[in-house]
Amino acid sequence: MVTSLDTAGLRRLLEGDVQLVEVLPRDEFEEEHLAGAVVVPLEELTSDGVASLDRTRPTVVYGFDHQCDRSPRAAARLEAMGFADVYDYANGKAAWLADGLPSEGRRRPEQRVAAVADRDFPRVAAAGTIGDTAAVFANETVDVAVVLDPDGIVLGVVRREVLGLDPATPLADVLQPGPSTFRPSLTIEELVQYFRTSDERRAIVTTLGGRWMGMIRREDVVDD
């Protein structure tokens, strides 16, 4: 029976002796793929096509994203061909890259926004008060701070203007929820285009689960 994996499950499995197989077309594999993967496109899952794979080892297949049906079809095909231990990474390559995890191929990690995100951008704990932000805003160049929950998930932003309120006011009452965020898999070129077509000055980078990865200022990537 094929076992479905999420990203955390795949990362645990990869700590052992696993065959990781991308079943997308070869040109997509060559552009970028999970580190350590090999490619056997779905169309090539024949006896000859899988000859280089070990049918006795755990085998994980993946496609592009959770809407791509190539990986479940490939997993079923391999199981029917006698592979003993087959896994389907259903979230696919898009989810892996969106969490900033290792990849290989023509597209290099330094081309993505994770490479230029400022991980030390001012942040404050959601459980705090306006008074707790005083140290952050003591630096006059800081006009906004990111508000994080205990797990590092971005809840919103808080602006310098709140310093005029009662210092005992909970940040939860004054934060601005729902700032736009971007995955680390976005290319710097794509972010540049976003900045050039919007009035935004900053871009928050988070994982698929909403966890903080860093901030990119417009001037870091755009020559206005």
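How do strands S9 and S10 pair, in the parallel or the antiparallel sense, and over how many bridges? S9 (residues 144-148) and S10 (residues 154-159) pair in the antiparallel sense, with 5 bridges between them. Keep in mind that this is a predicted model, where local features need pLDDT of at least 70, side-chain atom pairs count only at pLDDT 80 or more, and totals for chains, interfaces and linings use all residues. Residues are numbered from 1 along each chain as its sequence is written, and side-chain values use heavy atoms, with hydrogens and water left out.

**Terms for strands**
- Helices (H or I, at least four residues) and strands (E, at least two) are DSSP runs, numbered from the N terminus.
- Two strands count as paired if DSSP finds at least two bridges between them.

**Around S10**
- Across the S9/S10 pair, valine 144 sits opposite arginine 159 of S10.
- The hairpin of S9 and S10 has 5 residues between the strands, and glycine 152 there takes a positive phi near 85 degrees.
- S10 also joins strand S11 (residues 176-177) through 2 bridges, running antiparallel.
- Valine 157 has glutamine 176 in S11 as its bridge partner.

**The parallel sheet**
- An open sheet of 5 strands runs in the order S1-S6-S5-S2-S4, with parallel pairing.
- S1 (3-5) and S4 (38-39) are at the edges with a single partner strand each, so one side of each has no neighbour in the sheet.
- S2 (residues 19-22) pairs with S5 (residues 59-62) in the parallel sense over 4 bridges, and valine 21 has valine 61 in S5 as its bridge partner.
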